[in-house]
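Visitor: Hi, I'm new to this one and would like a walk through it. Could you put it up so that we can look together?

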Amino acid sequence: MSCNYVHPRNLLVANLQRLYDYGMTTTSGGNISIKDGDGNIWITPSGVDKGTLRPDDIMMVKPDGEIIGKHRPSVELPFHSAVYKLRPDAKTVLHAHSPALVAFSLVGKCPDTSLIPGCEAICGKVAFSKYDIPGSKTLGDIISAEFAKGADCVMMENHGAVVCGESVEQAFARFETLDYIARIQIQAAGMKAPLKPEGAGKCTAWETFAPSYASPVECELRDSIVKFASRLYRQRLVFTGNAVLSAQIGNDDLLVTPAGFDPLALRIEDVVRISGGKCEAGKTPACQAALIREIYAKNDWAHAVIMTRSPNVMAFACTGTELDSRTIPESYIQLRDIPFVSCKEFMENPSSVVAKITPATPVVIIESCGVLTVGKHLTEAFDRLEVADFTANCIRLAARIGEFKPITEQQVQDIINAFNLPA
């Protein structure tokens with residue numbers, strides 16, 4: 001969604017609705033504001049159902065303090081105003097009470113954004129602030145002081161989190177990423193100590209071409225990629241800017257999602273075509289595009305790839321813990337045994353992942369970076385991702401009530417024989 005021509009009222013409603021639908025706030029909780037070019041602060045109202053918010057519910061506060069609208073502005077207006085005064089670069093302030101971030105706020109900690117490559121850059125500096133009464137001037141002074149010191153996200157003691165951004169999209173991405181990191185850390189609690197990512201990935205510099213024709217096959221695949229991207233988001237298997245979806249059109253001809261895309265805003269024309277080693281002009285493909293091209297080249301059965309950071313699998317990826325798919329027959333059938341590649345090895349030599357992929361090992365976990373699933377088509381790659389996160393969740397739940405007992409080697413062999421699985 002472009003901010004250029006969208007009214008602040010509509011931007012605030014859309015983003016608060018998304019927070020609510022994603023479970024990152026409640027009916028009465030959370031607030032967002034936008035400061036426009038004239039110095040007006042547009043802010044969500046106090047005491048209005050966040051699940052049914054409408055554009056005419058949004059309040060406007062003029063620079064002279066005049067309030068326009070049919071409700072009261074959010075009780076947190078004081079800290080929104082204070083942040084804007086001390087951070088001229090901030091055009092959006094977002095505060096919400098996601099369960100994972102509230103949990104961190106209750107124990108006086110900040111999520112560790114360095115656990116996953118790229119997340120520090122999204123979230124910026126994260127600080128922790130002391131508690132005070134919601135809506136009070138003192139709370140506004142405490143929080144704005146942290147932003148004035150350079151914080152982009154502030155954990156609020158016993159209160160959740162607040163972030164600022166140069167746009168509503170940036171603020172939402174920061175909050176969502178911070179929440180995602182918090183959820184992954186909570187999922188990983190009780191497992192091995194989290195690992196720190198090593199190395200730095202590189203993106204391929206592509207020659208470009210201008211496509212002259214899109215076949216019906218390409219059009220259908222573009223539509224499927226868009227639909228599965230949205231489905232990934234609705235299933236809570238991805239957060240903004242942290243997924244890659246690809247489908248193969250033909251020999252050395254593929255589609256891949258753009259770098260850092262929003263799963264709910266992706267359009268068919270945003271999807272990037274790479275053909276004959278050249279990239280569609282005017283677009284930036286995901287950094288993993290070269291890796292995906294190599295996967296297709298070396299696996300004639302593979303026609304779709306998804307790589308993302310689903311929260312339950314990431315608990316295993318971030319701690320270097322093996323994800324044992326031998327839980328229920330359906331999980332083993334879809335996942336088989338799952339290889340693990342270190343972050344350092346992946347960053348220095350992405351082809352190390354390609355070497356792990358076979359018909360018998362269609363899923364690979366990459367330390368701290370995510371899970372990669374390969375399929376004959378997008379539905380199969382998506383199913384494998386969904387099953388991987390489901391399986392990881394089941395194992396974590398089982399650990400709370402007893403000892404996990406995987407199916408036996410003989411039972412595994414029986415499954416392989418019964419379903420004629422590739423060796």
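Guide: Let us begin with Glu218, which is buried, with a relative accessible area of 4%; please keep in mind throughout that this is a predicted model.

Visitor: Okay, and where does Glu218 lie?

Guide: Glu218 lies in helix H7, a helix that spans residues 216-234.

Visitor: What does the side chain of Glu218 make a polar contact with?

Guide: The partner is the side chain of Arg273, and the polar contact between the two side chains is 3.2 Å.

Visitor: And which residues does Glu218 touch, if we don't count those up to four places away in sequence?

Guide: With those left out, Glu218 touches Arg273 as well as Tyr213, Ile249 and Leu255.

Visitor: Let's switch to aromatic pairs. How many does the structure hold?

Guide: There are three aromatic pairs in the structure. One of them is formed by Tyr180 and Phe239, a tilted pair with 4.1 Å from centre to centre and 35 degrees between the planes.

Visitor: Are Tyr180 and Phe239 buried or exposed?

Guide: Tyr180 and Phe239 are both buried. A further aromatic pair, also described as tilted, is formed by Phe228 and Phe382, with 5.2 Å centre to centre and 45 degrees between the planes. This pair too links distant parts of the chain, with Phe228 in helix H7 and Phe382 in helix H13 (residues 378-401), 154 residues apart.

Visitor: Why do you call Phe228 buried?

Guide: Phe228 counts as buried because its relative accessible area is 10%, and the cut-off for buried is under 20%. Phe382, with a relative accessible area of 2%, is buried as well.

Visitor: New topic: how much space lies in the largest pocket?

Guide: The largest pocket holds about 660 Å³ of space. Its lining is made up of 27 residues, and those nearest the centre of the pocket are Cys203, Cys287, Gln288, Arg309 and Phe346.

Visitor: Which part of the chain gives the largest share of the lining?

Guide: Helix H8 does, with three residues. The elements that each supply at least two residues of the lining are strand S10 (243-250), helix H8 (289-298), strand S14 (304-308) and helix H11 (343-348).

Visitor: How do the lining residues divide into nonpolar, polar and charged?

Guide: In the lining of the largest pocket, 16 residues are nonpolar, eight are polar and three are charged.

Visitor: What about Asp57, where is its place?

Guide: Asp57 sits in the loop between strand S2 (41-43) and strand S3 (59-61), and it counts as buried at 6% relative accessibility. A polar atom of the Asp57 side chain lies 2.8 Å from the backbone nitrogen of Arg54. Setting aside neighbours within four places in sequence, Asp57 is in contact with Pro45, Val48, Thr52, Lys70 and His71.

Notes. Residues numbered from 1 in each chain as written. Predicted model: local features only at pLDDT ≥ 70, side-chain atom pairs only at ≥ 80, totals over all residues. Heavy atoms only, no water. 1 Å grid on protein atoms, 1.4 Å probe; cavity = no way out; pocket = protein on both sides within 12 Å on 5 of 7 lines; lining within 4 Å. Points joined across faces, edges and corners; volume = space filled by probe spheres on them. Helix = DSSP H or I, 4+ residues; strand = E, 2+ residues; numbered from the N terminus. Nonpolar A, V, L, I, M, F, W, Y, C, P; charged D, E, K, R; others polar. Phe/Tyr/Trp six-rings, centres within 6.5 Å; stacked < 30°, edge-to-face > 60°. Buried < 20%, exposed > 50% of the residue type's maximum accessible area, 1.4 Å probe, protein only. Polar contact = N/O pair within 3.5 Å; in protein donor to acceptor, adjacent residues only side chain to side chain. Contact = heavy atoms within 4.5 Å.
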